[in-house]
Amino acid sequence: TDVAQCYLALGIVHSHWIPVQGRFKDYIASPKPNGYQSLHTTVIGPEGKRIEVQIRTRTMHHVAEGGIAAHWQYKQQSSSSSSSMNSKTFHKSGKGMVEDAKHFTWLRQLVDSVQQQSKSPQKVLNTSSSLAALPRQEDLVMFASEVFCFSPQGQLFALPQGSSVLDFAYRVHSDLGNHCVGAKVNGKMVPLKYTFQNGDTVEIIQNSNQNPQREWLDFCRTSKAKSRIKSWLTAQQRDESIALGKNLLEKELKKYGSSISSPSCLEGTTAKELYREKLDRVLSTFRLRDEQHLLAALAYGQISVGNVMDEIFGKNSRISDHAGLSRDEMGDKLALQTIQEKSQAVTAKPSPKTDGIVVGGERNMLINFCGNCSPLLGEEVKGVITRGRGIKIHRLGCSYLQSSDEERIVHASWDAAAKTRPRSVQLEVIFEDAPGMLASMSGAIASAGVNIANVVLKKLSGGRGLARFNVMLPSVDELNKVLRQLQQEPGVLSVTRR
């Protein structure tokens, strides 16, 4: 009945049987976070068999079996029987606690039924015994701020009202949330933004190719899910910036090679070696902590590559790339350099996988766009269910769509409410091979307000040239605008979309 007797009982048990080393736990002196208290020990019993013994008071037992609320119910009942003078007052203050205990007991029984009978929560709730024990709606105010869901194994999860699939996934594990593509709730597929109802059984579906998107923040209710998504996005953006800065720096260092016109370096020293030798000086000059901060600053444009080269090789050692070129040839070279630099910035941004597409009436499904046909907003599309990579969207007439299994083809359409982001489309331009043509064509594309992600040039017979432009376009209307601009350019013979 009291703590002293618990330790006395422990001494009696150990005096009769040999205790197993390392198997004694004192949860009375150091209770568990949930308030659980008890003495646990394992002894060598008759016939050499191990026996686990748990020793606790009656009050501790009520807490262990029914939780803190059950303890208050037990305490109220004991108090009312032992003190008639204060029973009326205590009953009034303890009534809510007793009701809470009943509700917790019912919830505990529901969990036990799901786990032991391997039934869905809905089936358990529909049984007569569960319906009889079910609290009234007005009595469940204490649960109004939470929703209770089950894993397929019957484990109970309490989440804030309005929680989505992503909240559940991040509650289970951060990696599960990062790679979540959807869920099965009560056996039916649901999108990421589905909000749970009490008793839902949730099975998270993940894909290793899936990564968090900024739009996910709109679907989350719990602070844990939001913080994990923000952390991933911040780390991803920083990694991409560092990679872009490294690319810009290495590209500039290659121009110097091993011929360094600087009195401060030894003969035969390469540009990269000299950069390494003077890195500390560069960091000190620009007040940066380390090389990663330098690369990120280059990517963000906070520091120019030219200023870094001046610090390494001296202000009079820059290499001229344009000596001996005509005006038109210089224009082509500068245009190509500008396209390449913009290409780094464009490709550094991750392309969204759930961009403006509705599949079977559902939004926010895992979407991939076909790289062969590159569908744009305004074109008729259909989806093909792939194995482990979500749904791939094709233009009508795409050869890959026509060769797909009809059973895997699903209806898809553009979401008018969503903001469609630009995607890469390849244009083939055949032109008269003359100086200045690349600059003219690049100017025509730029005048349409379109970014060029990449360009590949090739010489053809008969004094002709071929340019393959990868341009970033949000819709078919923008595509038609670019095609018209190019076709009107002097020297352009034909323009086609691949």
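Aspartate 433 is partly exposed, with a relative accessible area of 35%; buried denotes under 20% relative accessible area, exposed over 50% and partly exposed the range in between, computed with a 1.4 Å probe on protein chains only. The model is a predicted one, in which local features need pLDDT of at least 70 and side-chain atom pairs count only at pLDDT 80 or more, while totals for chains, interfaces and linings use all residues. Residues are numbered from 1 along each chain as its sequence is written, and side-chain values use heavy atoms, with hydrogens and water left out.

Aspartate 433 forms a salt bridge with lysine 459, the closest N and O atoms being 2.5 Å apart. A salt bridge is defined as a side-chain nitrogen of Lys or Arg within 4 Å of a carboxyl oxygen of Asp or Glu. The pair links distant parts of the chain, 26 residues apart: lysine 459 lies in strand E16 (residues 451-460), and aspartate 433 in the loop between strand E15 (423-432) and helix H15 (437-447). Helices (H or I, at least four residues) and strands (E, at least two) are DSSP runs, numbered from the N terminus. Lysine 459 counts as exposed, at 67% relative accessibility.

By the rule given above, the count comes to six salt bridges. One of these joins glutamate 379 and arginine 395, at 3.9 Å from N to O. Glutamate 379 is placed in the loop between strand E11 (367-369) and strand E12 (381-385), and arginine 395 in strand E13 (residues 391-395), 16 residues apart. Glutamate 379 counts as buried at 15% relative accessibility, whereas arginine 395 is partly exposed at 22%. Glu379, Arg395 and Arg497 are linked in a network of salt bridges.

A further salt bridge is formed by arginine 276 and glutamate 291, with the closest N and O atoms 3.1 Å apart. Arginine 276 belongs to helix H9 (residues 271-277) and glutamate 291 to helix H11 (residues 291-300), so the pair ties together parts that are 15 residues apart in sequence.

Helix packing was examined next. The axes of helix H8 (residues 223-254) and helix H12 (residues 305-313) come within 10 Å and cross at roughly 50°. Axes are lines fitted to C-alpha atoms, for helices over the stretch in contact, and angles run from 0 to 180 degrees between N-to-C directions. H8 and H12 are therefore oblique to each other, since angles under 35 degrees count as roughly parallel, over 145 as roughly antiparallel, 65 to 115 as roughly perpendicular and the rest as oblique.
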